Amino acid sequence: MDVNKIRNDFPVLRDNPDLHYLDSAAMALKPDCVIKACNDYNSKLGVNVHRGVYRLSYEATDLYEEARETIAKFINASFEEIVFTRGASAALNLVAESYGMEFLKPGDEVITSELEHHSSHMPWMNVCRKTGATLKYVPLDKEGRITVEAFKSVLTSKTKVVALTYVSNVMGYITPIKDIIRLAHEVGAVVSVDGAQAVPHMSIDVKDLDCDFLSFSGHKLCGPTGVGCLYGKHKLLEMMPPIEFGGDMADTVTKDSMTFKATPYKFETGTPMVEGVIGLAEACKYLSSIGLDNIALHEKKLRELAITELKKIDGIKIYNESCETGIISFNVDGVHPHDAASVFDNNNVCIRAGHHCAQLITSWLGTIGTVRASFYLYNTEEDVHKFVESVKEAKDFFGTF
Ligand code: C6P
């Protein structure tokens, strides 16, 4: 992997050579090809899809639907199993609002965990309250991981839904999701996987995983904002009712009846985010051309270097030392994560601080928040050194108070 060549694909990095962007878990930067694909659609077409009876609209529709094919291939899904949403949050909510509200009843159980992002956990808390189903949590092990053994301890014949993250946005741990899916299927439960932090960083094959649903966002995989995907097994999507009604998803409407288009269109109400979808497909092609396995290895190497260097500094609490992806969550002893973050900003190091929309795990860790650095394909060893230097500065500066 030629990181310098890759960096040259990203205008933000070209224009800001001193920038150390370590916040890709929040949002990845966008390469030229993605920006160009969005611009090309806007400048050469810029018209609606599925509606116009004219050449430009047919062309836009073709691009939009070809993008669905590309994104489906990216995770080894079928065309009709890809529903476009505003992002991972909207996709995760769609599963809960549609599948959960339709099929859960009092006495049923939903399994989730304290590692979840709010967008994975809260929709099920809401649906359980409304349906009378019970929400259960996989006990985390001492490192804060979901293990297969712990999952077995909460799985029962009453389990109907399992909603778990594939990769935690705070701890970066990879959930043993394939084994969990197999066990969940043995009791007839469906599994909704939050893939927001997984799909951008590792090869995903939904058929091999056998997951029922997988949600992810475009902006974390070098794509545009405001677009994401719900993968759902076709037979499940067919059984599920739409949760939004209106333009484009309707088939026949009379004063007292309505029918809907086939899956996936019945879930895509209104004018879609056409440029977002086209840009997202381009991002999938871009990442595939570099290789997801190469990207994962690169992130791991940078993370290992960072951990080795961080461990040389006294007074740093690393919460996820054994993590296998590119995320480091830590605190400088006695320093509020936001105070520490201000030092990073002064050094042009972009990191995130706080609870990362995952309050269950921050309270499990016994803290108000963490400082989080996250690596991606365009990061370098120099980024790591500047980051470690900033940690030292934060410690020296605030440690004197
Ligand atoms: N995590 C982070 O900085 P949206 O915002 O809908 O694109 O993605 C929601 C989401 C769902 N699951 C996980 C595991 C996530 O990490 C995120 C987004 C960002 O960690 C913003 S809070």
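Trainee: How many cavities of 30 Å³ or more does the structure hold?

Mentor: The structure holds 1. Bear in mind that this is a predicted model, where local features need pLDDT of at least 70, side-chain atom pairs count only at pLDDT 80 or more, and totals for chains, interfaces and linings use all residues. Residues are numbered from 1 along each chain as its sequence is written, and side-chain values use heavy atoms, with hydrogens and water left out.

Trainee: What makes a space a cavity?

Mentor: On a 1 Å grid over the protein atoms alone, a cavity is a set of points where a 1.4 Å probe fits but cannot get out. The largest cavity has about 50 Å³, a volume being the space filled by probe spheres set on the points, which are joined across faces, edges and corners.

Trainee: Which residues line the largest cavity?

Mentor: Among them are H201, E299 and F375; a lining residue has an atom within 4 Å of a point. The lining divides into 3 nonpolar, 5 polar and 1 charged.

Trainee: What share of the residues is buried?

Mentor: Buried residues make up 57% of the 401, where buried means under 20% relative accessible area with a 1.4 Å probe, protein chains only.

Terms used
1 Å grid on protein atoms, 1.4 Å probe; cavity = no way out; pocket = protein on both sides within 12 Å on 5 of 7 lines; lining within 4 Å. Nonpolar A, V, L, I, M, F, W, Y, C, P; charged D, E, K, R; others polar. Buried < 20%, exposed > 50% of the residue type's maximum accessible area, 1.4 Å probe, protein only.
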